[in-house]
Amino acid sequence: MRWGLANEFILVSFIPVGIFSAAANMVLALALSANRSCLCSSTTFHPHPLLNPSPSLHFSPSTFHPQPLCSLIKQHIIPQPSHKASIHRRRCSNSLATADAQFASIIALFQDIGIGFEETQVLLCNNHDLASVPIDSLHVRFLSLRSLGFDPLTLCKLVTKRPTILTANEIDPLLTFLRDNLQGKLEKQQLNRLLSSTEQEFLESFPQKVQFLVDRGIPVDQVVHVLNKVNLSKVLCRRSLEEIDRTISFLEPFGGIALILKRPQILNHDLDTQIVPRVKFLMELSDGDEDSVGKVLLRFPIFLNYSVAHVEEHVGFLSSFAEFDYKQIFRIIQVYPAIVTTSRERKLRPRIQFLKECGLDSDEIFKFLIKGPTFLSISFNENIAYKLVLLVKIGYRYRSKDLAMAIRSATRTNCGNMQKVISLFLNYGFSCEDIVAMSKKQPQILQYNHTSLEKKMEYLIEEMGRDIEELLLFPAFLGYKLDDRIKHRFEVKKLVRGRGMSINKLLTVSEETFAGKRKKVMP
């Protein structure tokens, strides 16, 4: 026979009037709880805490029948009824009815977000405060969480992992702050981590610490950007205001708020064991130049992700293998701070060795890296090797200084553009020898955009009336801006000197000198 909740109270009404002892109340509660389990599961039932049963007793639907229930109750009925006992019995029934109503409401509420009956029982058994919170309060708390953008599945996981999110008093002010002050813009993933992994006592100070960040200079419209990038539990909840203030104050000479805005994750690092030692090492390498260290960090704030030991190994390698001094090493870091991300054995060693084989000494390698630092990190198979083949094909001798200079410029362009530049010169009648000769005079021509080069060459021939072979003498012509420099100066000068002017002198003189000469010839 299957009994519903209504049948339980019908059963109670048919029990003879008598005096219920405390033991009788307990037995009744256990029996009703066991009867309820018949509706939901065929396995052994563990009664929920709303009925406060004895943990040592268990009921199975297969062994529960109405008649044993009556017999079980009669064993605890005192034969002589009294008015006081009747009142106590009615109060007991009312308490059970209230408890059942609360239990049913909690089940319905939890089912809305995907928490089933059995999971709800487990939550109630392990978190007794849930049973004592008014159902209206639980409903309001659910609505507050949903207003922050939690979908039912995420909310289900959050409540299952951290059920105190529904009962802790610290949560309501926090949810109000997140919704009203931060306008619900905190990313859901961040919000979920904050609520699920942070102890409740640390959440209470969260609004105060966010306001402190604003007071210390984080713009109001960018504070959410910072919050979405950091470990909120670690950076704000578990750190004191004094610790946060010390971190910001230490970073002030090296970019301060601008540095934090560019890379908020810097705040994840511990000040004393990570940030201070890493900045101190850079300061020693720069000979105490705060301004230069600040520029390095602003340009590449990820530098602070790397330990002192890691950077020391790179510095030691460049000092021993490339024979650079600390001043040169810091200069390379200024130009290309991402060098600390480059593998010493897979990239730094073989590429510096290649430059040595091309005949470059330590100073020449240093100058090479200042102008073409990405040579150290770009892919060899997909980039450098392809360009080396092109350069050797047009006439560069392998492992020569000229080849090294050409590959330095070629690192600033992609393989496709470089091939199109070479094809363009060939189409205009230049030989491979001509291209090599021009690139030795002006190595950058191999890195220029092929479309821009074609426009300049067309203007040289069609508008200026010059021979394309003049580029052999002055390949730097291709490096000047077409509209701002070439066209502008040619239009000014052609009225005075005609088309036979030297394109070298036309373009190489400074703007001041060009303007001064214009005044002399102008009437």
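Of the 145 residues in the largest nonpolar core, which touch the most other members?

Mentor: Before the details, note that this is a predicted model, in which local features need pLDDT of at least 70 and side-chain atom pairs count only at pLDDT 80 or more, whereas totals for chains, interfaces and linings use all residues. Residues are numbered from 1 along each chain as its sequence is written, and side-chain values use heavy atoms, with hydrogens and water left out.

The members of the 145-residue core that touch the most others are Leu-195, Phe-206, Phe-425 and Phe-477; such a core is a set of buried Ala, Val, Leu, Ile, Met, Phe, Trp, Tyr and Cys residues joined through side-chain atoms within 4.5 Å. Helix α17 (residues 271-285) gives this core its largest share, 7 residues, helices being DSSP runs of H or I with at least four residues, numbered from the N terminus.

Take Phe-477 to begin with: leaving aside residues up to four places away in sequence, Phe-477 touches Lys-456, Leu-460, Met-464, Leu-471, Ile-486, Ile-503 and Leu-507, where contact means heavy atoms within 4.5 Å.

Rings of Phe, Tyr and Trp (its six-membered ring) pair if their centres lie within 6.5 Å, with planes under 30 degrees apart counted as stacked, over 60 as edge-to-face and the rest as tilted. The count by this rule comes to 11 aromatic pairs. In one of them, Phe-177 and Phe-206 have ring centres 6.3 Å apart and planes at 80°, so this pair is edge-to-face. Distant parts of the chain are linked by this pair, since Phe-177 belongs to helix α9 (residues 171-181) and Phe-206 to helix α12 (residues 206-215), 29 residues apart. Both Phe-177 and Phe-206 are buried, which means under 20% relative accessible area, against over 50% for exposed and in between for partly exposed (1.4 Å probe, protein chains only). For Phe-425 the partner is Phe-430, and with centres 5.8 Å apart and planes at 80° this pair is edge-to-face too. Phe-425 counts as buried because its relative accessibility is 0%, and Phe-430 is buried with a relative accessible area of 5%. Aromatic rings also gather elsewhere, in one cluster formed by Phe-354, Phe-368, Phe-375 and Tyr-398.

Phe-177 also brings us to open space, as it is one of the residues lining the largest pocket, together with others including Asn-181, Val-210, Val-214 and Val-224. A pocket here is defined on a 1 Å grid over the protein atoms alone, as an open set of points with protein on both sides within 12 Å along at least five of seven lines, and lining residues have an atom within 4 Å of a point. The space in the largest pocket is about 230 Å³, a volume being the space filled by probe spheres set on grid points, which are joined across faces, edges and corners. Helices α9, α12 and α13 (223-227) each supply at least two residues of the pocket lining, and the largest share, 3 residues, comes from α12.

Notes. 1 Å grid on protein atoms, 1.4 Å probe; cavity = no way out; pocket = protein on both sides within 12 Å on 5 of 7 lines; lining within 4 Å.
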